[in-house]
Amino acid sequence: MSVEQAAQSLEVSTATIRRDFDELAGQQLLMRTRGGAVTQSVSYDLPLRYKTARHAGEKQRIAKAAAALVEPGAVVGMNGGTTTSEVARALATVADPEVGFTIVTNALNIAAELTVRQHVKIVVTGGVARPQSYELIGPLASGVLEQVAIDVAFLGVDAIDVDAGATAHHEGEASVNSQLIERAGRVVVVADASKVGRRAFARICAIDAIDTLITDDGLSDDAAARLTEAGVTVTRV
């Protein structure tokens with residue numbers, strides 16, 4: 001679409017359209033061209049703040065189901081992402097304030113949001129902050145993760161597939177996420193149905209490392225059956 005076409009259709013100035021196109025290009029939602037813009041065919045890794053509204057209802061239902069799996073006083077591992085952020089909020093809301101629980105995470109936004117909760121103990125890994133996801137990545141995270149034991153880890157992924165396993169767009173995130181779930185007695189992937197049957201660049205873990213997938217009711221019966229055959233307990237909400 002050209003700047004002139006957009007300005008005419010929306011009845012605004014071409015200067016306004018240029019500013020809007022530039023803003024959308026900065027969000028990786030389209031690609032600027034000379035005199036216009038084209039759709040972005042693949043948005044590999046949008047910043048977290050632009051992902052929040054996607055499948056919001058599904059993520060809240062997934063979060064509620066995930067929170068129900070946590071025993072009082074449990075140690076919970078959690079990586080970054082919009083779905084795991086919803087899980088953290090749900091946990092903080094339903095947990096027994098007399099007992100509480102512990103969260104081990106590399107996600108700065110989750111740690112910051114839950115620090116004010118008196119009944120939640122927050123353990124944050126080391127690492128270098130990645131602005132797109134607010135996750136800490138790199139070798140500094142290993143020092144903390146090697147010294148903790150986690151009861152259940154909730155893993156947000158960019159894609160999950162029977163053959164490829166759980167995958168992420170960024171190799172640094174995938175590496176820390178892999179270390180996180182290695183410390184867990186139980187691994188639960190939380191992902192909406194749009195991520196199932198897909199694969200991303202960097203592997204987090206093989207499918208046999210995943211105990212449970214909590215997803216929404218948009219997942220097809222065939223896809224659920226394939227995962228079940230691979231040994232994953234599938235919960236659709």
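Analyst: The discussion below takes up the conventions, then the sheets, the individual residues and a pocket.

User: Which conventions apply to this model?

Analyst: This is a predicted model, in which local features need pLDDT of at least 70 and side-chain atom pairs count only at pLDDT 80 or more, while totals for chains, interfaces and linings use all residues. Residues are numbered from 1 along each chain as its sequence is written, and side-chain values use heavy atoms, with hydrogens and water left out.

User: How are strands identified and paired, and in what order do the seven strands of the open sheet lie?

Analyst: Strands (E, at least two residues) and helices (H or I, at least four) are DSSP runs, numbered from the N terminus. Two strands pair if DSSP finds at least two bridges between them. In this model, seven strands make up an open sheet with parallel pairing, and their order is β5-β4-β3-β8-β11-β13-β14. At its edges are β5 (120-124) and β14 (233-236), each of which pairs on one side only.

User: By how many degrees are neighbouring strands of this sheet turned on average?

Analyst: Axes are lines fitted to C-alpha atoms, for helices over the stretch in contact, and angles run from 0 to 180 degrees between N-to-C directions. For neighbouring strands of this sheet the average turn is 20 degrees, direction ignored.

User: What does β13 show when its pairing is examined residue by residue?

Analyst: Strand β13 (residues 212-215) is joined to β11 (residues 184-190) by three bridges, and the two run parallel. Val189 has Leu213 of β13 as its bridge partner, and Val190 has Ile214. Towards β14 there are four bridges, again with β13 and β14 running parallel; here Leu213 is partnered by Val234.

User: Which way do the side chains of β13 point, and are they buried or exposed?

Analyst: In a regular strand the side chains alternate between the two faces of the sheet. In β13, Thr212 and Ile214 point one way, Leu213 and Thr215 point the other way, and all are buried. Buried means under 20% relative accessible area, exposed over 50%, and partly exposed in between (1.4 Å probe, protein chains only).

User: Which helix lies across β13 and β14?

Analyst: Contact means heavy atoms within 4.5 Å. Helix α9 (residues 221-229) lies across β13 and β14, and runs at about 150 degrees to β14.

User: Where is Glu182, and why does it count as exposed?

Analyst: Glu182 belongs to helix α8. It counts as exposed because its relative accessibility is 60%. Glu182 and Ala92 are 90 residues apart in sequence, with 24 Å between their C-alpha atoms. Another exposed residue is Ala112, at 54% relative accessibility, which is found in helix α6 (residues 108-114).

User: How is a pocket defined, and how much space lies in the second largest pocket?

Analyst: On a 1 Å grid over the protein atoms alone, a pocket is an open set of points where a 1.4 Å probe fits, with protein on both sides within 12 Å along at least five of seven lines; lining residues have an atom within 4 Å of a point. Grid points are joined across faces, edges and corners, and a volume is the space filled by probe spheres set on the points. The second largest pocket holds about 160 Å³ of space. It is lined by 15 residues, and the closest to its centre are Ala67, Val70, Leu91, Val94 and Ala95.

User: Which helix gives the most to this lining, and what is its make-up by class?

Analyst: Helix α5 gives the most, with three residues; α4 (56-67) and α5 (82-94) each supply at least two. By class, the lining has ten nonpolar, two polar and three charged residues. Here Ala, Val, Leu, Ile, Met, Phe, Trp, Tyr, Cys and Pro count as nonpolar, Asp, Glu, Lys and Arg as charged, and the others, Gly among them, as polar.
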